[in-house]
Amino acid sequence: KIGNFTWDLKIDGDKYFTEINHKNSGIFSPLYKFSGRYFSKGTIKDNRLRSIEYQQYWKTKKKIKTVEMHFDIYPVKLVQKPEESEHPRLDLDSLFDYFDPITSFINILNGSNEVKTIDGRRIYVMKKSVLGDTKKISLQINDYKNIWADHKRNDLKSLEFLLDEENFLPSQINIHFKERVFKLKKI
């Protein structure tokens, strides 16, 4: 165990609000301190969530990073701190029907098979496939492009999650990142 993770999702009529928080804990805490908050809100139309606002805060011993995005049917505002010194290598005004990562994941849970995603640093498509048992789902990360960097490195390979019959949110998420697998388990 390297940390604690909480995920809240509230749906009120045609609006949603979701927040993820995580913080280091356990025996590795003195070696690797981190905390983060991811927040998204938006509207629901035709059983599909649509991003309006997304915020990300990530803190380690060495750095603090924030991302703030606002959406219409296109991302209309993207602010990062520290500010990016590179020019964007993609035309952000051409990103029609992209969602923040949390909203994309929820749309996959809610039945979408493919969702275009922007997280402030990169764009990609999450594509769902069922792994044998219908309770185990894989999300492949396709069409990956860095917004600011001039390289194609993709550290996030895929996500797997186990559906929970009693709750909308999954009981376990496996994140395949670089050469590691991070497991988030419901307790």
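Leaving aside its neighbours within four places in sequence, which residues is asparagine 107 in contact with? Hold that thought for a moment, everyone, and thanks for coming. A quick reminder before we start: what we have here is a predicted model.

So, to the residue itself. Asparagine 107 belongs to helix 1, which covers residues 101–109. Its contacts, once the neighbours within four places are set aside, are Arg48, Leu49, Phe99, Ser112 and Val115. The relative accessible area of asparagine 107 is 1%, and because buried means under 20%, this residue counts as buried.

Let me zoom in on one pairing. Strand 8, residues 122–130, and strand 9 run antiparallel to each other and pair over 8 bridges. As one of the details there, lysine 128 has leucine 139 in strand 9 as its bridge partner.

Strand 9 spans residues 136–146 and includes aspartate 143. That aspartate is not a glycine, yet its phi is positive, about 50 degrees. Aspartate 143 is exposed, at 55% relative accessibility.

Aspartate 97 also has a positive phi, near 65 degrees, and is likewise a residue other than glycine. Where does aspartate 97 lie? You'll find it in the loop between strand 6 and helix 1. Aspartate 97 is buried, with a relative accessible area of 16%.

The loop between strand 6 (75–81) and helix 1 is also the place of proline 82. Going from lysine 81 to proline 82, the peptide bond is cis, with omega near 0 degrees.

Last stop, the surface. Ile2, Ile27, Phe28, Leu31, Tyr32, Phe177 and Phe182 make a nonpolar patch of about 710 Å². Of these, phenylalanine 177 is in strand 11, residues 172–177. Phenylalanine 177 is partly exposed, at 30% relative accessible area.

That's my tour, and I'm happy to take questions.

Technical notes. Residues are numbered from 1 along each chain as its sequence is written. This is a predicted model: local features need pLDDT of at least 70, side-chain atom pairs count only at pLDDT 80 or more; totals for chains, interfaces and linings use all residues. Side-chain values use heavy atoms; hydrogens and water are left out. Patches are made of residues with over 30% relative accessible area and no salt bridge: like charges are joined within 9 Å, nonpolar side chains (Val, Leu, Ile, Met, Phe, Trp, Tyr) within 5 Å. Accessible areas come from the Shrake-Rupley method with a 1.4 Å probe; for residues, only the protein chains shown count as cover. A salt bridge is a side-chain nitrogen of Lys or Arg within 4 Å of a carboxyl oxygen of Asp or Glu. Helices (H or I, at least four residues) and strands (E, at least two) are DSSP runs, numbered from the N terminus. Buried means under 20% relative accessible area, exposed over 50%, partly exposed in between (1.4 Å probe, protein chains only). Contact means heavy atoms within 4.5 Å. Two strands pair if DSSP finds at least two bridges between them.
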